[in-house]
Amino acid sequence: MKILVLRFSSIGDIVLTSPVLRCLHQQIGAEVHVATKAEYADLVAHSPNVTKVHALEDDLGNFIGTLKSEQFTEVIDLHHNLRTSRIKRALGVPVHSFNKLNIEKWLLVNLNMDRMPPIHIVDRYMATVAHLGVKNDGQGLDLFIPPDRDVPLASLPEAHRNGYTALAIGAAHFTKRLPEHRLIELTDLVKGPVVLIGGKEDRAVAHAISSAIGGRVFDATGKYDILGSASLIKQARSVIA
C-alpha cells in the first residue's frame, strides 16, 4: 500500500501528524509519502517512517503532475483545504480527510461557545486512518534530527552551556504571540540563561528583549534552520512557548 499524506503547514501541526506516519508504516507496512511546503520538509524528511517527501514550492500544477506519477493507493488529507481538494480530485484515488470542525472552532473563537469534542488533536488525526485498522500506539510525537544538524552546546556562549531556558517568541499568526513588553517582563522573571528561539522575522523583538535584559539572553532568532531551532529546544533545561 502506497499512501500519500497531505499536511502543508505549519510547524506544530506537522509534528502533531507524526503518530499517523509512524502508525501507518509500522502497523500496516505502508509506504508513506508526505506532501508539505518546502520550508517544512525537514520536519518529516529524516523520519524512518517516511519513504519520500514531496516539497511544494509555488507551482501546484507541476506538483500535482509529480504526485500523479507515483500512483498512490490512497490519500490521507490531514490539511483539508482548497489546495488539497484540488490535489485529491486530480489523483482520483480513494481519499480520507481530516475533520477540521470549522463550525465548532468558529463558535468557540467568535462566540465563546465551546462545542469542541474532548479529543486530543492527535486522536482526531488518527481517526482519519481508522478505516485501515491503524490505531494510536501511544508513543507520542516524533521529530528526527540527524547528528550533523544538532547544534553543539560548545557553540553557545559559555554561560549557556550548562543549561538554559528556551523561549520561543515567534508564531505564525500575530494573535498567537505575546506583545513585546510582555515578553520582556516574562524574560526578566526567568532565572538564569535564556535562549530566544524564532525566525528572521522575530529579530527586532529579540533585539528589544536582549537590550532590556542583558547578557544572560542569547538571541538565536534567524541564526538556525528549523532543525537547529529544534535542537536548541531539545537541549534546553526548560521551554516556554
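This is a predicted model: local features need pLDDT of at least 70, side-chain atom pairs count only at pLDDT 80 or more; totals for chains, interfaces and linings use all residues.
**Figure 1. Gln71, in the loop between α4 and β4 (74-77).**
Gln71 has a positive phi of about 55°, although it is not a glycine. Is Gln71 buried or exposed? With 66% relative accessibility, Gln71 counts as exposed, because the cut-off for that word is over 50%.

**Figure 2. Asn112, in the loop between α6 (102-111) and α7 (121-126).**
Here's another residue with a positive phi: for Asn112 the value is near 60°, and Asn112 isn't a glycine. Asn112 has a relative accessible area of 67%, so it's exposed.

**Figure 3. A cis peptide bond between Ser9 and Ser10.**
Look at the bond that joins Ser9 and Ser10: it's cis, with omega at about -15°. To find the spot, go to the loop between β1 (2-6) and α1 (11-16), where Ser10 sits.

**Figure 4. Helix α4 (residues 60-69) packed against helix α5 (residues 82-91).**
Two packed helices can be described by the angle between their axes and the distance between those axes. For α4 and α5, the angle is about 40° and the axes are 10 Å apart. That angle makes α4 oblique to α5. The crossing of α4 past α5 is right-handed. Which residues of α4 meet α5? From α4 come Leu60, Gly61, Phe63, Ile64, Leu67 and Lys68, and on the α5 side they meet Arg83, Arg86, Ile87, Ala90 and Leu91. Sort the residues of this contact by type and you get seven nonpolar, one polar and three charged.

**Figure 5. Helix α8 (residues 180-189) crossing helix α9.**
At what angle do the axes of α8 and α9 cross? They cross at roughly 40°, and the axes come within 10 Å. That makes α8 oblique to α9. As α8 passes α9, the crossing is right-handed. On the α8 side, look for Glu180, Leu183, Ile184, Thr187 and Asp188; they meet Val205, Ala208, Ile209, Ala212 and Ile213 of α9. The residues of this contact split into seven nonpolar, one polar and two charged. While you're looking at the helices, keep in mind that an α-helix has 3.6 residues a turn, so residues three or four places apart point the same way.

**Figure 6. Ala206, a residue of helix α9 (residues 203-213).**
Setting aside neighbours within four places in sequence, Ala206 is in contact with Ile169, Leu196, Asp219 and Thr221.

**Figure 7. Helix α10 (residues 226-234) and its buried residues.**
Which residues of α10 are buried? They are Leu227, Gly228, Ser229, Ala230, Ser231 and Leu232. Among the elements covering them are α3 (42-45) and β7 (194-197). Now zoom in on the start of the helix: a side-chain oxygen of Asp225 reaches to within 3.2 Å of the backbone nitrogen of Leu227.

**Figure 8. Ser229, a residue of helix α10.**
Ser229 has 12% relative accessibility, which means it counts as buried, since the cut-off is under 20%. Not counting residues up to four places away in sequence, Ser229 touches Ile197 and Tyr224.

**Figure 9. Thr165 in strand β6 (residues 165-168).**
Thr165 has a relative accessible area of 4%, so it's buried. What joins the side chains of Thr165 and Ser238? It's a polar contact of 3.2 Å. Ser238 also turns up among the contacts of Thr165 beyond four places in sequence, along with Val190, Lys191, Pro193, Val194, Val195, Arg237 and Ile240.

**Figure 10. Zooming out to the whole protein, with its ten helices and nine strands.**
The C-alpha trace spans about 55 × 45 × 35 Å along its principal axes. The protein has 241 residues, and 42% of them count as buried. Take the contacts with a separation of 6 or more: residues 24 or more positions apart account for 64% of them.

How values were computed. Residues are numbered from 1 along each chain as its sequence is written. Side-chain values use heavy atoms; hydrogens and water are left out. Axes are lines fitted to C-alpha atoms, for helices over the stretch in contact, and angles run from 0 to 180 degrees between N-to-C directions. Helices (H or I, at least four residues) and strands (E, at least two) are DSSP runs, numbered from the N terminus. Angles under 35 degrees count as roughly parallel, over 145 as roughly antiparallel, 65 to 115 as roughly perpendicular and the rest as oblique. A crossing is left-handed if the near helix is turned anticlockwise from the far one by less than a right angle, and right-handed if clockwise. Contact means heavy atoms within 4.5 Å. Ala, Val, Leu, Ile, Met, Phe, Trp, Tyr, Cys and Pro count as nonpolar, Asp, Glu, Lys and Arg as charged, and the others, Gly among them, as polar. Buried means under 20% relative accessible area, exposed over 50%, partly exposed in between (1.4 Å probe, protein chains only). A polar contact is a pair of N or O atoms within 3.5 Å; within protein, one must be able to donate a hydrogen and the other to accept it, and residues adjacent in sequence count only if both atoms are side-chain atoms.
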